[in-house]
Amino acid sequence: MGTTPRTKPHLLLLLLTMVLISTPAWSLAQVTSATFGPVFEDQPLGLLFPEESTEEQVTLACRARASPPATYRWKMNGTEMKLEPDSRHQLVGGNLVIINPTKAQDAGVYQCLASNPVGTVVSREAVLRFGFLQEFSKEERDPVKAHEGWGVMLPCNPPAHYPGLSYRWLLNEFPNFIPTDGRHFVSQTTGNLYIARTNASDLGNYSCLATSHMDFSTKSVFSKFAQLNLAAEDPRLFAPSIKARFPAETYALVGQQVTLECFAFGNPVPMIKWRKVDGSLSPQWATAEPTLQIPSVSFEDEGTYECEAENSKGRDTVQGRIIVQAQPEWLKVISDTEADIGANLRWGCAAAGKPRPTVRWLRNGEPLASQNRVEVLAGDLRFSKLSLEDSGMYQCVAENKHGTIYASAELAVQALAPDFRQNPVRRLIPAARGGEISIACQPRAAPKATVLWSKGTEILVNSSRVTVTPGGTLIIRNISRSDEGKYTCFAENFMGKANSTGVLSVRDATKITLAPSSADINLGDNLTLQCHASHDPTMDLTFTWTLDDFPINFDKPGGHYRRASVKETVGDLMILNAQLRHGGKYTCMAQTVVDSASKEATVLVRGPPGPPGGVVVRDISDTTVQLSWSRGFDNHSPIAKYTLQARTPPAGKWKQVRTNPANIEGNAETAQVLGLTPWMDYEFRVLASNILGTGEPSGPSSRIRTKEAVPSVAPSGLSGGGGAPGELIVNWTPMSREYQNGDGFGYLLSFRRQGSSGWQTARVPGADAQYFVYSNESIQPYTPFEVKIRSYNQRGDGPESLTAIVYSAEEEPRVAPAKVWAKGVSSSEMNVTWEPVQQDVNGILLGYEIRYWKAGDKEAAADRVRTAGLETVACVTSLQPNTKYHVTVRAYNRAGTGPASPSTNATTMKPPPRRPPSNISWTFSSSSLTIQWDPVVALRNESAVTGYKMLYQNDLHPTPTLHLTSKNWIEIPTLEDIGHALVQIRTTGPGGDGIPAEVHIVRNGGTSMMVENAAGCPAPHPNTIFSHSVVMFIFIGYLEL
């Protein structure tokens, strides 16, 4: 901004005689708010165009936002292009369209220029490249010869190409690609195929497949086949020899993928290891592959890397350095600026990059150098005494060998006469008596205007009560009624002059009449802070409260603050359920639009102590540690005691621990923790308590591990048994981490035959072990052993468990059941009985297994049924009717089944008749119900009918009753008031029970007869409707009685 000149005497006289009106402002540079220079919205991007592409044109995009709209030009290799209407280069909007592009004519660097009356900007550079991949040579390839067991390299020799290629190798035919395993490696740098150690499977013909990936297409070409011949195997072992080596220096840009290749010949096939010589290799890059890939390299990845190939015969290494560089990146950019004519301006921009970028400047697309009032110093651009000609579009350009970036901004130099239309002096200026008022004078002007103030016709000069600041603001102190009146600000520069007037009105001062009082409360208490005030009755009064100078939010949901009154002169504050954070300095401010008054009060909130700090663990032993901490806030109530807690991370719960001293007083800052578990990870924390309660815990200490100790608890759950013949299997419950007490944990087992004197021992390493198998052909089946166990770690052996009896493996029973007898008892069942087998020394008899199979089938197809105990009778169900079965019985124990008994035979009965009783009729008398039906006659393939079963149920007795008869009728005693009954009738005989017939019987006022069948029955009485499934369930239950 320009400096303010001193007021001349003739100007003062002129101002005193002026009419106090504003004059219109005018400007030499009329630039409307809608006018602005070009701003790029779309800029051209580099493009890779395949020479063999079928596309007929290439488009480089360019679009800028500007007012008036921008016009566009293009440069190629720094020279402006002539875009003729009928040429191959067409301008479509701002885009450059190249028709039928060719490498010879169109490859190069392109830039778009966007212009309007404000200025010109230049886009970033876009490089148009042409990609190609030629065919492999048609000449036959020489065969490659080596001894089997040697390493071999087959060269790819790719054809001319741009850009880079990816490679694969074929063996004999497509698509039999060489796998990328530890023995084969295809270099993506050279395309060569490496085989670390050849074998007979490698014989054959090899072809290199090279693929080019471009923006619009992908192309692949095959080489001629080369034959790999292997001479007699060389059985010697060879130390590694690295054949595919990464370069001594690899340059990469930040964010790029870096790949280092390393592959070695050798026998055995070498293992590859990578490391960073001058730092640690990130775990995510650690690999045993022939390539080390860093997907997005950063400056932290820069350094020297080593590949080591190793086998049993030796090792070989190679080293190389990754050097990370970066394209320019803006740290500071210029922005659109409006500046006054005649003022000074300094613009700056800064960029990071590696190598360090250089910075240059453009004005309206042309290079800008130091001249007259303009000084260019790298990233700084300085203007002295700006003129209108300095307006335009400026660009800061940062570049290094990896790229160029542009930052653009518009400079608008303004020349304006003073103008109060946007920011006039306030028309009414209220002020408090005895107070102070500041009246701003801020006209829009360029250059900055000279300012004078008057009261009425009196020019104001600085005094003890009146000050006009350099910025033009009028300040009046210790205001009285005599200061009321009209105040006018006069502003002038070489472009013109203007003035603006406001009226000062003096009001009564605001005063606090009842100030808040300091208070001392406990956590959770309620408190009211009073605050009353007087003020000028023509003004509105508002109260605001702050806590430690931060405004209090009364509208916060669930907050603790409330206003205690709605009276205008009362601003009392209520604090509900006070928390520790509510303690501090409260300020009540009563204010009007002209002044304010405030008073302060201090509130002290007492509560439980704050969290202790700095928990440190030292003097770590196997079961104790020493904790120390620093005192936290006592929150205005002395700390009475401390409590220590511990947990085992990561998921353990905090638990109080024993300490020395047992009771930790409030002035203590250290204590010993007792009773910890050896070799266990712990975190500790401390809680402080006072008369008001226990406070928040400290943060957890750093994780520690107690020292090791011998195990202190014996393993539990000692048991065993089972296994193969000649084995003793002993089981136990693995001990959890908290009982292991140290590294190198395992179990020490002692065992002996019951009654013998010497103990055998076995050491079982590993905390998760839970059984031990002792094998000895001399062990007899089901021999009792005395067994005991203890645990051990690298510090020693723990206590021994109590002795348990464990039996060696059982063998199958040796004796078969005798006197096996079987008989069919229905069409689907037979009963089997036998004499029991005596217990033998082979094991504990668990039961018997019945095997049965149809006559004519093989025993291998037999079905099996096992008894659950030592019963000597069993019922076999789900058999086929009228079928002969062979039956054997075997005893079984945990080792398996014993020998079979001699087989016996049984034949199931014929099935019962499939027809239910029919033509059912009934007759009621005064005391009975007689039901009769047609007899059922069995067919030749059905079992005889020996009688009938009837299930009867009436509406007075819902529980059904079963009746048996050998005739085709039955009489049932009944009561006269029975109105409805349900009856089911079926045949019975040696083959079992037949299909039931069901009827519903209804008394029709006296003696009656109705015939019903199961297919179509009249609806029963509502109170006697029966579920078919329930009836069938009850019926079957009765039939089984």
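How far apart do the end C-alpha atoms of residues 714-811 lie, and what percentage of the span is helix and strand? The end C-alpha atoms of residues 714-811 are 32 Å apart, and the span is 0% helix and 51% strand.

## Basis of the report

The model is predicted, with local features requiring pLDDT of at least 70 and side-chain atom pairs counted only at pLDDT 80 or more, while totals for chains, interfaces and linings use all residues. Residues are numbered from 1 along each chain as its sequence is written, and side-chain values use heavy atoms, with hydrogens and water left out.

## Annotated domains

The UniProt record, an unreviewed entry, places the feature "domain: Ig-like" at residues 44-129, 134-223, 240-323, 328-412, 418-505 and 510-604. UniProt positions are given in the numbering used here, feature names are shortened, and annotations may be inferred rather than shown by experiment.

Helices (H or I, at least four residues) and strands (E, at least two) are DSSP runs, numbered from the N terminus. Residues 44-129 are 5% helix and 55% strand, with end C-alpha atoms 13 Å apart. For residues 510-604 the end C-alpha atoms lie 29 Å apart, and the span is 0% helix and 47% strand. Residues 816-911 are 0% helix and 47% strand, with 34 Å between the end C-alpha atoms.

## Salt bridges

The whole structure contains 44 salt bridges, each defined as a side-chain nitrogen of Lys or Arg within 4 Å of a carboxyl oxygen of Asp or Glu. One of them joins Arg63 and Asp42, at 3.8 Å from N to O. This pair links distant parts of the chain, with Arg63 in strand 4 (residues 63-67) and Asp42 in strand 1 (residues 36-42), 21 residues apart. Accessibility is classed by relative accessible area: buried is under 20%, exposed is over 50%, and partly exposed is in between (1.4 Å probe, protein chains only). Arg63 is partly exposed at 43%, and Asp42 is partly exposed at 28%. Both residues belong to a network of salt bridges that links Glu41, Asp42, Arg63 and Arg65.

Another salt bridge connects Arg346 with Asp380, at 2.8 Å from N to O. Arg346 lies in strand 30 (residues 345-348) and Asp380 in strand 35 (residues 380-383), so this contact ties together parts that are 34 residues apart in sequence. Arg346 is exposed, with a relative accessible area of 54%. Asp520 and Arg606 also form a salt bridge, their closest N and O atoms being 2.5 Å apart. Here Asp520 in strand 49 (residues 519-522) and Arg606 in strand 57 (residues 596-606) are 86 residues apart. Asp520 is partly exposed at 45%, and Arg606 is partly exposed at 25%.

## The second largest pocket

The second largest pocket holds about 440 Å³ of space. On a 1 Å grid over the protein atoms alone, a pocket is an open set of points with protein on both sides within 12 Å along at least five of seven lines, and lining residues have an atom within 4 Å of a point. Grid points are joined across faces, edges and corners, and the volume is the space filled by probe spheres set on the points.

Of the 26 lining residues, the closest to the centre of the pocket are Thr180, Phe185, Val186, Pro290 and Thr291. The lining divides into 15 nonpolar, seven polar and four charged residues. Ala, Val, Leu, Ile, Met, Phe, Trp, Tyr, Cys and Pro count as nonpolar, Asp, Glu, Lys and Arg as charged, and the others, Gly among them, as polar. Among the strands that each supply at least two lining residues are strand 15 (165-171) and strand 26 (291-294).

All eight residues of strand 86 (residues 947-954) are buried. One side carries Gly947, Lys949, Leu951 and Gln953, and the other carries Tyr948, Met950, Tyr952 and Asn954. Two strands pair if DSSP finds at least two bridges between them. Strand 86 runs antiparallel to strand 89 (residues 980-989), joined by eight bridges, and Tyr952 stands opposite Val983. Strand 86 also pairs with strand 87 in the antiparallel sense over five bridges, forming a hairpin with six residues between the two strands. Leu964 lies in strand 87 (residues 961-965) and is exposed at 59% relative accessibility.

Strand 80 (residues 873-876) has Ala874 and Val876 on a covered face, with Val873 and Cys875 on an uncovered one. Strand 80 pairs with strand 77 (residues 830-835) in the antiparallel sense over four bridges.

Methods
1 Å grid on protein atoms, 1.4 Å probe; cavity = no way out; pocket = protein on both sides within 12 Å on 5 of 7 lines; lining within 4 Å.
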